[in-house]
Amino acid sequence: MPLILTEEQTMLKEAADGFLNEHAPIAHLRKLRDSRDADGVSRDLWRAFGEMGFAGVIIPEEHGGSGLGAVEAGVMAEALGRTLTPSPFLGSGVLAATVLKGGSAEQQAAWLPRIAAGEAIVSLAVDEGAKHAPSRIATVAERSGNGFKLNGAKGFVLDGHVADALIVAALTENGLSLFLVDPKTAGVGIERTVMVDAHNAARVTLTDVEVDADAVIGSVDGGEALLEGALNLGRACAAASLNGAGDQAFQTTMAYLRTRKQFGKLIGEFQALQHRSAHLFSEIEIARAAVMGALTALDAGRENAGLIVSVAKAKAGRVAELAVQEAVQMHGGVGMTDEYDVGLFMKRVRVLNELLGDAGFHQERMARAQGF
């Protein structure tokens, strides 16, 4: 299995890095945060993503997308991790788009072109507790007339406060089903949650929310496989973002070690810091290989792709955590100040680690698969 980018994928990486460094550097995050922007995300930037072909990277060409795969989605996610850009890409361009590709022709035609163009934000509402636990969904959908009535609550819904549509996972009579819900429907309550990394999510409550039968994505009681496929791609992309954030924190630290002087010497000349840097570099390369392996496995449709994704998410999370901790330590006292960017990377890594399952969740997943 090749663990390097092809020429075309490298071109996408360079285009994404160049675009984000120019139009959405870390200063973009700071501006949204410090101005207390009502949305916490730029619709103009999302439309620019559409114009560049980034928003629809995994959306089929017949719906205005690029028709590419998991590796290309990971390339985009890693670039976003490097600049800490608040973007609907993971929530809409990956999670929601993957689910919608399994929907009806009408659902696909209504939403996929708009996501690809950066004109719509669609949020996937799955988790309900403090931790990622898709097997513990309690939201229910009961038959009502020619449709369903939804009751329950969701948390950590990415961009849910600005979503044009919600995809809600709920229990039906004999399984799990996915419903396309208009946020303006009576009974839907949405509360914005500003997370520690200044990105945004929402709490969503559903009280006797009425939807028609054609709101079901896929089949009634048959949403589990569709949801799992979307979550696996989302987890792999979250791992790629962890790689991007961890590696950028590392690069920023290396630049600091090469310029900061203490006791008349560059601090990068001290052997103890060199050893720590070398160790971190090795760990980042291992994590990068693990994530690339997971993305490639998803594209190949390997039967055990989900477990490979779990390995990648756990490894990338642990390594990124090490990277940001070392960044703050090696910057010394100034590493704890808001003036320096390394603290922002630490906060983003903390959130990404929790998103779609932390290391503990994925380690347990692996253990159970092995019969433990």
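Searching the whole structure turns up 24 salt bridges. Keep in mind that this is a predicted model.

**Salt bridges**

- Asp247 pairs up with Arg82, and their closest N and O atoms sit 2.8 Å apart. Asp247 belongs to helix H7 (residues 223–257) and Arg82 to helix H4, so this pair ties together parts that are 165 residues apart in sequence. Both partners, Asp247 and Arg82, are buried.
- Glu321 and Arg350 make another salt bridge, with 2.7 Å between the closest N and O atoms. Since Glu321 is in helix H9 (residues 305–331) and Arg350 is in helix H10, the pair ties together parts 29 residues apart in sequence. Glu321 counts as buried because its relative accessibility is 15%, while Arg350, at 42%, counts as partly exposed.
- Arg368 and Glu364 also meet through their side chains, at 2.9 Å from N to O. They're four residues apart in helix H11 (residues 359–369), so about one helical turn separates them. Arg368 is exposed at 59% relative accessibility, and Glu364 is partly exposed at 41%.
- Some salt bridges join up: Arg30, Arg33, Asp34, Asp338 and Asp341 are linked in a network.

**Helix H2 and its neighbours**

- Helix H2 covers residues 26–34, and its buried residues include Ile26, His28, Leu29, Arg30 and Leu32.
- What do the buried residues of H2 pack against? They pack against helix H1 (7–23), helix H3 (43–52), helix H4 (70–83) and helix H10 (342–354).

**Positive phi angles**

- Arg36, which comes after H2, has a positive phi near 50°.
- Phe156 isn't a glycine, yet its phi is positive, near 55°. You'll find Phe156 in strand E3 (residues 147–158), and its 29% relative accessibility makes it partly exposed.
- Asp159 isn't a glycine either, and its phi is about 60°. Asp159 sits in the loop between E3 and strand E4 (165–172), and at 7% relative accessibility this residue counts as buried.

How values were computed. Residues are numbered from 1 along each chain as its sequence is written. This is a predicted model: local features need pLDDT of at least 70, side-chain atom pairs count only at pLDDT 80 or more; totals for chains, interfaces and linings use all residues. Side-chain values use heavy atoms; hydrogens and water are left out. Helices (H or I, at least four residues) and strands (E, at least two) are DSSP runs, numbered from the N terminus. Buried means under 20% relative accessible area, exposed over 50%, partly exposed in between (1.4 Å probe, protein chains only). Contact means heavy atoms within 4.5 Å. A salt bridge is a side-chain nitrogen of Lys or Arg within 4 Å of a carboxyl oxygen of Asp or Glu.
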